[in-house]
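Please read this report with the sequence and the model side by side.

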Amino acid sequence: MAVDLKGEWTDADIAKLIGSVVDDRDWRLEVSTDGIASLVDKTAHPTDDAYDNTLHCFLETWMQGTDFVGPSAAGDKDLVGKIAKALRENYPTLKGLKFVYVSL
């Protein structure tokens, strides 16, 4: 699942995105240069600077078992709200670095 940040989207869309995967591996929320937010399996696709430079921005990697993705995380309105706020503040214009820190 992905969320197109160029169109209208809601916190509920971010909750669906977060709930669309299982907390059984390392995940990272990434935003492509064309505004598509998606969760990427970092267990299968490790990060490096060359790859990160192709992105608009990204959040920290959520390690397996930390409950930042999956149905439980999708139901956490505070978590979803913080992630949605960070996305709104950093797309389409970054307010800082490509790495977007969210105090969770």
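Which residue in strand 3 does arginine 28 stand opposite? Arginine 28 stands opposite valine 40 in strand 3.

## Basis of the model

This is a predicted model, in which local features need pLDDT of at least 70 and side-chain atom pairs count only at pLDDT 80 or more, while totals for chains, interfaces and linings use all residues. Residues are numbered from 1 along each chain as its sequence is written, and side-chain values use heavy atoms, with hydrogens and water left out.

## Strand pairing

Helices (H or I, at least four residues) and strands (E, at least two) are DSSP runs, numbered from the N terminus, and two strands are said to pair if DSSP finds at least two bridges between them. Strand 2 and strand 3 run antiparallel and are joined by five bridges; they form a hairpin with three residues between them, and glycine 35 in that turn has a positive phi of about 85°. Strand 2 is also joined to strand 4 by five bridges, again in the antiparallel sense.

Strand 1 (residues 2–4) pairs with strand 3 over three bridges, and this pairing is antiparallel; within it, valine 3 stands opposite alanine 37. Five of the six residues of strand 2 are buried, so this strand is largely enclosed by the rest of the structure; here, buried means under 20% relative accessible area, exposed over 50%, and partly exposed in between, with a 1.4 Å probe and protein chains only.

## Glutamate 30 and its surroundings

Glutamate 30 belongs to strand 2 and is buried, with a relative accessible area of 2%. Its bridge partner in strand 3 is serine 38, whereas in strand 4 glutamate 30 stands opposite phenylalanine 58.

The side chain of glutamate 30 makes a polar contact with the side chain of arginine 28 at 2.8 Å. A polar contact is a pair of N or O atoms within 3.5 Å; within protein, one must be able to donate a hydrogen and the other to accept it, and residues adjacent in sequence count only if both atoms are side-chain atoms. Not counting residues up to four places away in sequence, glutamate 30 touches (heavy atoms within 4.5 Å) a set of residues including Val40, Tyr51, Leu55 and Cys57.

## The nonpolar core

A nonpolar core is a set of buried Ala, Val, Leu, Ile, Met, Phe, Trp, Tyr and Cys residues joined through side-chain atoms within 4.5 Å. The largest one has 27 residues, and those with the most contacts inside it are Ile14, Leu29, Ile83 and Leu87. At least two residues of this core come from each of helix 1 (11–19), strand 2 (27–32), strand 3 (36–41), strand 4 (55–62) and helix 4 (77–90), and helix 4 supplies the largest share, six residues.

Leucine 87 touches Leu5, Trp9, Ile14, Leu29, Val31 and Leu59, when residues up to four places away in sequence are not counted. In soluble globular proteins, nonpolar side chains tend to be buried together.

## Rings and charges

A search of the whole structure finds two aromatic pairs; rings of Phe, Tyr and Trp (its six-membered ring) pair if their centres lie within 6.5 Å, and planes under 30 degrees apart count as stacked, over 60 as edge-to-face and the rest as tilted. Phenylalanine 58 and phenylalanine 99 form a tilted pair, 5.9 Å centre to centre with 50° between the planes. This pair links distant parts of the chain, with phenylalanine 58 in strand 4 and phenylalanine 99 in the segment after helix 4, 41 residues apart. At 10% relative accessibility phenylalanine 58 counts as buried, whereas phenylalanine 99, at 37%, counts as partly exposed.

The charged end of arginine 28 sits over the ring of phenylalanine 58, 4.0 Å from its centre, and the charged end of arginine 88 sits over the ring of tryptophan 9, 4.3 Å from its centre. A charge sits over a ring if NZ of Lys or CZ of Arg is within 6 Å of the ring centre and within 35 degrees of the ring normal.

## Local backbone features

The peptide bond from tyrosine 91 to proline 92 is cis, with omega near 15°, and proline 92 lies in the segment after helix 4. Aspartate 67, in the loop between strand 4 and helix 3 (71–74), has a positive phi near 65° although this residue is not a glycine.
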